[in-house]
Amino acid sequence: MNAASLSLSLKETYFISHGSPMLAVDDALPARHFLKSFRQRLFTDKPESILVVSAHWETADPAVNAVAGPSDTIHDFYNFPKPMYQLKYPAPGAPELANKVKKLLEAAGFERVLEDKKRGLDHGAWVPLMLMYPDADIPVCQLSVQTKMDATHHYNLGRALAPLRKEGVLIVGSGSATHNLRTLRDPSDSVASWAAEFDNWLKESLLSGRYEDVNRYLEVAPFAKQAHPRPEHLYPLHVAMGAAGVNAKAELIHDSWTSYTLSYASYKFTEST
């Protein structure tokens, strides 16, 4: 690993709003172009491996996939154009990283951490990664979210995983800044006021370092339950936030909308020096 890669790995984690699976193919989405420029603009050195916390893997206890060979591409969406189901992202699995994740979480007091040796990559992982790293040559491990637990649980997951950055592991939370599928309108050039208010609150809280408020978002954020009827798409943010360290600095790295209520706001968290 070169010195530049080591320096970056020590500093940064990311939260990516992956929005619709159409992000993989729809050039009209600004977020697609943002992710395609990720390596040039944000993380220019190739990471040793990638840990993705995906909104689309929910388990009762934390779980990692420990696939030895190329990962299967899981098409976990319905009623999309046929070409979407032909897309593949056969990135190598990362069983060694999975084992490190398991040990770190157990050492931090998470008593039951599961390993899945068959599960591939769901679209919360492969859709953004195929834009960020289209060669599919970097080992990838996924970590699940626990919807029966709270945001602080996920922040603490991230805190436990922070040492991985020193080993060149790129930690990416993949979810959505807002996620209420029942309110989507397509096409729509406007943004619902309640969605914008929650999104602005999240941005202001993160950029001002009010991480405890973000952990307590259900209590203090406007329209929290409307923006996230279920928490699975926000919890990856808490993991990424925790993995960058207690006094990490947040930066908004992309901001766009689609379908009236779906925010693609994405953030970088940088370890405080």
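Which residue is the bridge partner of I50 in β6? Select L170, for this is the partner of I50. The model is predicted: local features need pLDDT of at least 70, side-chain atom pairs count only at pLDDT 80 or more, and totals for chains, interfaces and linings use all residues. Residues are numbered from 1 along each chain as its sequence is written, and side-chain values use heavy atoms, with hydrogens and water left out.

Next, select strand β2, residues 49–58. Helices (H or I, at least four residues) and strands (E, at least two) are DSSP runs, numbered from the N terminus. Because 8 of the 10 residues of β2 are buried, this strand is largely enclosed by the rest of the structure. Buried means under 20% relative accessible area, exposed over 50%, and partly exposed in between (1.4 Å probe, protein chains only).

Two strands pair if DSSP finds at least two bridges between them. In β5, Q142 stands opposite V52.

Now turn to E58 and R230, which form a salt bridge with the closest N and O atoms 2.7 Å apart. E58 lies in strand β2 and R230 in the loop between α10 (224–227) and α11 (235–243), 172 residues apart. A salt bridge is a side-chain nitrogen of Lys or Arg within 4 Å of a carboxyl oxygen of Asp or Glu.

Finally, select R165 and E271, whose side chains meet in a salt bridge (3.6 Å, N to O). R165 is buried at 4% relative accessibility, whereas E271 is partly exposed at 27%.
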